[in-house]
Structures are given as C-alpha cells and as structure tokens.
Amino acid sequence: MKCTKCSQTAIIDLPQHNVAYCEGHFNEYFLNRVQKAIKTYSMVEENDRIVVALSGGKDSVSLWHALIKLGYACDAVFLDIGMGKPKLEELQEMGKKFNSKLFIYDARADLFGLDIPKIAKFLKKPTCSVCGNVRRYLMNKFAVENNYDVIATGHNLDDEVSFLLGNVLNWQIGYLTRQSPTLLKTHDKFVKKVKPLVLLTEKETYAYALLNELPFSGESCPFSKGASSLLYKKVLNEIELVQPGTKQRFYSGAMKVWNSKTEVELSECKVCGYPTTEEVCSFCRMRERLKDALGKQAI
Ligand SMILES: [Zn+2]
Ligand SMILES: [Zn+2]
C-alpha cells in the first residue's frame, strides 16, 4: 500500500476518505483535521487562552500535542480524582519542551478527601455519572480561576457518534442539543467548551499518539466495561466497515440539524455561585449528599 500523496509506503489507510498515508502525510492530515474542526465550529477566537482537559489517554495527549504544533497558546490540566494513572512526569517533560504548562489539580480537597470510586460507592451512583459531574464542574472552576477562555476536551468522532446514537435511540433532546462541538460562554463563570478532535476517529488519535511517541497511558477506564457506549461503538464500527464514511456523515448531518454552537440558559447556584440550570448545581447537591452519607457513617 502506497501513500496517496507521495507514493512512499503507507502506514495507515483511511477508507472513509479513500486515502492511505505515510507517516509525514498522516501527521499533516491529522493537524489539518484539527484545524478544520476549530474553524468549522468556531472553537477558538484570536488571543484565546486554551486549557486542555488532560486525562493522560491517547486522545487528550494527542490533542495537547496537536494544538501546540498548530501554534495555539495552550496549557493542560490533569484533574487528580483517583481515576487512571497518567504518565505525569513524561507529560510534564513534554510540556516543558514546548513551553506549555501542565497543572495537576488535586480535586480530593473539594471532595472531603475522597476519590471518585469511593464517592460513587457512598452515594450508590454509577461511577461514570459521578466522574462526569465532578470533571465538568472542577474543570470549569479551574479555567475560571486561572483566566482561560477555552476548555478543550479530547472527545473523538467515535465518542461523539456513540453518544449521538444513544441520544437518538432514547430521544434525549436535552443531551442532543448540548452535544455540540462548541458550547459558548453564556455566563461570567462558564468557560467555552470545545472538542477539536471531532473530525478524527479513535484509530487516528491512537496512530498519532504512537507515531509521535507521546507519553500516553494505554489503559482504558475500568468502569466503562459493559457501558452502552461500548455497544454503540461496536455497532457503528460494523456499519463503518461495510459503509466507510457513515460515522462522519452521521455526525456532520446531526450538527447541521442541531446548531453546532449551543448557548445554554444559565442561572447561578445558590450555594457556590457557579452557573447551573437549576437552583443548586449538581456538584453542590452531590457534596450535600456526600456530607450526609459521611455523617451517618461516622455514627
Ligand atoms: Zn506521503
Ligand atoms: Zn454549586
């Protein structure tokens, strides 16, 4: 198999675009796709300071690297909530090399010293929903307190089409409208959220991380086993195999129907003052329940 662009040996084939690339041309293609997503979905304005929500996996590490390569002013933050084991020292080295900061935010101080698996057990809640709630809240808080304009997350096309399928199957209209690649700033304390990898598949972010020898952690989340998102990914992969390009069409079509830039109406949480759609935000409600559960346990 030869590279479509230069006829060197190709290292990856991308049937959805009917091309195959050598290492150099794949890297070029990858950065172009990131840039295209940023432009298409108006993710970044001039002079915006970006912070990457770094989990340490292939997606967020590739995203950080790609944004630096594209010349964006960006740093990264790792939220330490007892989930996953990223290669922090090597990641810090990588940041230093490119003059980009990596912050490590120990979130246990905001969570009575507990980590996510323990909280989920106390509250008898699914780990993934507790994890998502905590991540969304603390990432936003970190960005507000440190004057970042944009939070970039590593969601790729496979993640997005699997959410999309789940949301369509269950007609979760609220989630569908909030699934856009760009969530605009609609409140002083609500930082813009963007997903610059939405035009790239899991296979592509994995290849990018490997080819560039990025220090990513290979283990997947132990709590995602059996999650319906994995079933949706499997089904979508089977369709993609027979009809290459299906994922991209499904996603792009949906983004035309649902405005790709969503403005969410927000009020302020009565407890913490951060934006929410309810009276008390879900993070503060979780902390309240946690305080109760811990109190009972102490007796
Ligand atoms: Zn080539
Ligand atoms: Zn609150």
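A residue is called buried if 20 or more other C-beta atoms lie within 10 Å of its own, exposed if 12 or fewer do, and partly exposed in between, with C-beta atoms placed from the backbone. By that count N47 is exposed, because it has 7 C-beta neighbours inside 10 Å.

This is a predicted model, in which local features need pLDDT of at least 70 and side-chain atom pairs count only at pLDDT 80 or more, while totals for chains, interfaces and linings use all residues. Residues are numbered from 1 along each chain as its sequence is written, and chains are lettered from A and ligands numbered from 1 in the order in which they are written.

## The overall fold

Let's start with the whole chain. Its secondary structure comes to eleven helices and eleven strands; helices (H or I, at least four residues) and strands (E, at least two) are DSSP runs, numbered from the N terminus. Along the principal axes, the C-alpha atoms fill a box of roughly 70 × 45 × 35 Å.

Of the 299 residues, 34% count as buried. Two residues are in contact if their C-beta atoms, placed from the backbone, lie within 7 Å. Among contacts between residues at least 6 apart in sequence, 68% join residues at least 24 apart.

## The nonpolar core

In soluble globular proteins, nonpolar side chains tend to be buried together. A nonpolar core here is a set of buried Ala, Val, Leu, Ile, Met, Phe, Trp, Tyr and Cys residues joined through C-beta atoms within 7 Å. The largest such core has 65 residues, and I50, V51, V52, L67 and I151 have the most contacts inside it. Leaving out residues up to four places away in sequence, I50 touches V44, L67, Y72, A73, C74, Y148, V150 and A152.

## Two helix pairs

Two packed helices are described by the angle between their axes and the distance between the axes. Axes are lines fitted to C-alpha atoms, for helices over the stretch in contact, and angles run from 0 to 180 degrees between N-to-C directions.

Helix α6 (residues 157-169) packs against helix α10 (residues 246-257) at an angle of about 65 degrees, with the axes 10 Å apart. L157, E160, V161 and L164 of α6 meet K247, Q248, F250, Y251 and A254 of α10. These residues divide into six nonpolar, one polar and two charged. For this sorting, Ala, Val, Leu, Ile, Met, Phe, Trp, Tyr, Cys and Pro count as nonpolar, Asp, Glu, Lys and Arg as charged, and the others, Gly among them, as polar.

In the second pair, the axes of α2 (residues 58-69) and α8 (residues 202-211) come within 9 Å and cross at roughly 65 degrees. Here K58, D59, V61 and S62 of α2 meet T205, Y206, Y208 and A209 of α8, a set of four nonpolar, two polar and two charged residues.

## Residues to look at

What does V198 touch? Apart from neighbours within four places in sequence, V198 is in contact with A37, H155, L157, E160, P181 and Y251. V198 sits in the loop between β8 (192-194) and α8, and is buried because 27 other C-beta atoms lie within 10 Å.

Y137, in helix α5, also counts as buried, because it has 22 C-beta neighbours inside 10 Å.

N18 has a positive phi of about 60 degrees, and lies in the loop between β1 (12-14) and β2 (19-21). K124 has a positive phi near 50 degrees, and is placed in the loop between α4 (116-123) and α5 (127-145). N18 is exposed, with 10 other C-beta atoms within 10 Å, and K124 is exposed too, with 8 C-beta neighbours inside 10 Å.

E279 is in the loop between β11 (275-276) and α11 (282-298).

Some C-alpha separations are listed here.

| Pair | Apart in sequence | C-alpha to C-alpha |
|---|---|---|
| V198 and K97 | 101 residues | 27 Å |
| N47 and R108 | 61 residues | 32 Å |
| E279 and C269 | ten residues | 5.6 Å |
| Y137 and A53 | 84 residues | 12 Å |
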